Amino acid sequence: MITNRYSRVLAVFCLVLLSGCAINRSEIALPLPEANSNQYASTEQTIVIGEVIDRRVFEESPINPSTPSLGKGGASKASDQTKARAIGRKKNKYGYAIGDVLLENGQTVDSVVRSNLALALNESGYSVLPQSAVAAANSPVIDVYIDEFWGWLTPGLETTLNTRISTTLELRSSETQESILVRTRQIRPFATNAAWIELFEKALNDYRNEVISVAPDLLEE
């Protein structure tokens, strides 16, 4: 009986070691590609990115892994700074949470969205000005609301990484809105930090392409 119990404990321990997912809180940095404005004609129009508001809702132990949540005491005990950097939750193939994925210090979800939005607008031919009273008074201002920015695992024979980014862009002068939603899915043998970075890079590239697509309609006077 003792031998069987020991064998079961050892088997579970080995599964954890071989899962490829560290049982901890990982931190990653998402690089920002350089702008390639040569592929688009310049509009000579200036734009200001105003407020970028992260309005994601975190829950305690949600059933759906696509719902933001945190370990180490749960979302209710996490600081606003931690939530602002949280972008994913690790789970093993049995569906048990085994860690979080956060942006490195110096990056937050709102700063990543702001940077990628600015890059997309630059590539569309718009000139993005610093957020200031003078610039905002003389140029269109776009406010951004972040509803989703999250990555998660789907347990199975292989590790499926998923991410979803959803924002609402609002032109402050007219309250005209454009919603952007992108989804990304990749199958990987292991959910390494490099895999998380590649997943979000792909999602953000799709996000920038969507911004380029909707920007003319949003900024049409």
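W150 is buried, at 2% relative accessibility. The model is predicted. F58 is buried too, because its relative accessible area of 16% falls under 20%.

F58 and W150 form an aromatic pair. Their ring centres are 5.8 Å apart, and the planes stand at 90°. That makes the pair edge-to-face. The two residues sit 92 residues apart, so the pair links distant parts of the chain. W150 belongs to strand β6 (residues 141–154). F58 lies in the loop between β2 (46–54) and α2 (80–85).

## The stacked pair

The structure holds two aromatic pairs. F149 and F200 make up a stacked one. The ring centres of F149 and F200 lie 5.5 Å apart. Their planes meet at 10°, which is why the pair counts as stacked.

F149 lies in strand β6, while F200 lies in helix α5 (residues 193–218). The pair therefore ties together parts that are 51 residues apart in sequence. F149 is buried, with a relative accessible area of 0%. F200 is likewise buried, at 0% relative accessibility.

## S166 in strand β7

S166 lies in strand β7, which covers residues 159–171. Is S166 buried or exposed? With 13% relative accessibility, S166 counts as buried.

Which residues does S166 contact, leaving aside neighbours within four places in sequence? The contacts are Y145, I146, D147, E148, I180 and L181.

Definitions and conventions
Residues numbered from 1 in each chain as written. Predicted model: local features only at pLDDT ≥ 70, side-chain atom pairs only at ≥ 80, totals over all residues. Heavy atoms only, no water. Phe/Tyr/Trp six-rings, centres within 6.5 Å; stacked < 30°, edge-to-face > 60°. Helix = DSSP H or I, 4+ residues; strand = E, 2+ residues; numbered from the N terminus. Buried < 20%, exposed > 50% of the residue type's maximum accessible area, 1.4 Å probe, protein only. Contact = heavy atoms within 4.5 Å.
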